[in-house]
Amino acid sequence: MKAFRTLSLPARRQISRHVITARSSPSSSLSSPSLSLLSPATTATATSFQTRRHASSSSSKHPEGFTPPTADDLAELRERVQEFTRREIPEAVAAATDRGNAFPAEMWAKLGEAGFLGMTADEAVGGLGLGYQAHCVVMEELSRASGSIGLSYAAHSQLCVNQLQLNGTPEQKQRFLPDLIAGAKVGALAMSEAGAGSDVVSMRTAAKKVDGGFLLTGTKMWITNGPDADIVVVYAKTDPSAGSKGITAFVVETKSSSSPGGETTAGFSCARKLDKMGMRGSNTGELVFDGVFVPEANVLGRVGGGVRVLMEGLDLERLVLSAGPLGLMQAALVDVALPFVHQRRQFGRPVAHNQLVQGKLADMYTRMQAARAYTYATAKDVDENGAVRTQDCAGAILYAAERATETALDCVQLLGGMGYVEEMPASRLLRE
């Protein structure tokens, strides 16, 4: 949960910026009913709130010919993912992944074979092209089984694959996406640095123009899938004097394709793997670029257009990642707390018959359903109307992450002493 919360903190600031804009723009108008989930002060300024859309139609965010999935389509997909997690990510695997502080490497090929790694990508490169509602369904159910596996899945399929889908040239998509979607290669995105998190423009990683490409120099921190990644979308400054217009996105191959053994690309290394409190099975690391050569053909978008590439994907990343806490809430309530309180007997009856316990269960269920409604309403708007509203994508992950923490804490309480020992998954769910 901490990893989802980390993304929710800048999300809160993103909502605040929109509220401030709303209060200073009396001529704007309200166009999103979901704003009622925000504060009363925000609701009071509804008539002056202007939403932001990235595109006027869904085509800019979806493969050509995309048709939004029906409710039956999504229900069938959910059943398919649940079958996968029961078979491939049972509780024993989730617990071992957490204890071992390592992602099960064989899982990538299994996810690829199931078709889950290309939910939003073109069918021509192996994707399913099902859209963001479908991507949220997969993310939710994988996270229900293991938050760690769900987080690494999102970093690969959304932060890397979807960025290439949205911004890659036809040649780049053909080069990189088939292996990523098949699970033959692992993807990541590298934006954050030790001194530059939400303040993207303050990054220090630089890309110097040379004959035929660029030399990347710098370090990136907290990179999900970093220790394992074969392909990394990296942001670096190509013109430090140009501020936000001097940042460029690159596709960096961490292993040399020209060498028979696939040796590590010259100048690239993972300095260390981080030992985290939660999401332990999602391998996270510090990446070092010491004069890494990146050919011009690997520029993602245009030179100097990196911030546009970043921001275009950020809202959708937050949206899909907000489904992770939904899965954790499902696990805490449906898979752990409910069975336990019906089996645990005190004073001759199940503790589930006690009013206090029933009250906690009701709160857990209501939080989960409210968060789920927000996430899926926002995803449906993207799929059906092409509307990517920054405040709702940010709001969805903010709300889901905070409600998931509360739900996991209630799960620990309902289990009593068993919630405090590693025999039960409650503590893992709280840390995630």
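Trainee: Is Glu-91 buried, partly exposed or exposed, and what is its relative accessible area?

Mentor: In this predicted model, Glu-91 has a relative accessible area of 38%.

Trainee: With which residue does the side chain of Glu-91 meet in a salt bridge?

Mentor: The general idea comes first. Side chains of opposite charge can pair when their charged atoms come close. Here, the partner of Glu-91 is Arg-428, with 2.8 Å from N to O. Arg-428, for its part, is buried, at a relative accessible area of 5%.

Trainee: Which residue forms a salt bridge with Arg-431?

Mentor: That residue is Asp-98, and the closest N and O atoms of the pair are 2.8 Å apart. Because Arg-431 lies in helix α13 and Asp-98 in helix α4, the pair ties together parts that are 333 residues apart in sequence. Arg-431 and Asp-98 are both buried.

Trainee: Where do Lys-209 and Glu-296 lie?

Mentor: The side chains of Lys-209 and Glu-296 meet in a salt bridge of 2.7 Å, N to O. Lys-209 is found in strand β2 (residues 206-210), and Glu-296 in the loop between β7 (284-295) and β8 (299-300), so the pair ties together parts that are 87 residues apart in sequence. Lys-209 is partly exposed, at 45% relative accessibility, and Glu-296 is partly exposed too, with a relative accessible area of 43%.

Trainee: How many salt bridges are there by the count, and which residues are linked in a network?

Mentor: The count comes to 28 salt bridges. A network of salt bridges links Arg-78, Glu-140, Glu-141, Arg-144, Asp-335 and Arg-372.

Trainee: Which residues make the contact between α10 and α12?

Mentor: On α10, they include Pro-325, Leu-326, Met-329 and Phe-340; on α12, Arg-403, Thr-407, Cys-411 and Leu-414 are among them. By class, the residues of this contact divide into 15 nonpolar, one polar and one charged.

Trainee: Where is Glu-64 placed, and is Glu-64 buried or exposed?

Mentor: Glu-64 sits in the loop between α2 (40-44) and α3 (71-88). Its relative accessibility is 82%, so Glu-64 counts as exposed. From Glu-64 to Glu-123 the separation is 59 residues in sequence and 9.8 Å in space, C-alpha to C-alpha.

Trainee: What does the secondary structure of the chain come to, and what share of the residues is buried?

Mentor: The chain has 13 helices and 10 strands. Of its 432 residues, 57% are buried. Among contacts in the chain with a separation of 6 or more, 74% are between residues 24 or more positions apart.

How values were computed:
Residues are numbered from 1 along each chain as its sequence is written. This is a predicted model: local features need pLDDT of at least 70, side-chain atom pairs count only at pLDDT 80 or more; totals for chains, interfaces and linings use all residues. Side-chain values use heavy atoms; hydrogens and water are left out. A salt bridge is a side-chain nitrogen of Lys or Arg within 4 Å of a carboxyl oxygen of Asp or Glu. Buried means under 20% relative accessible area, exposed over 50%, partly exposed in between (1.4 Å probe, protein chains only). Helices (H or I, at least four residues) and strands (E, at least two) are DSSP runs, numbered from the N terminus. Contact means heavy atoms within 4.5 Å. Ala, Val, Leu, Ile, Met, Phe, Trp, Tyr, Cys and Pro count as nonpolar, Asp, Glu, Lys and Arg as charged, and the others, Gly among them, as polar.
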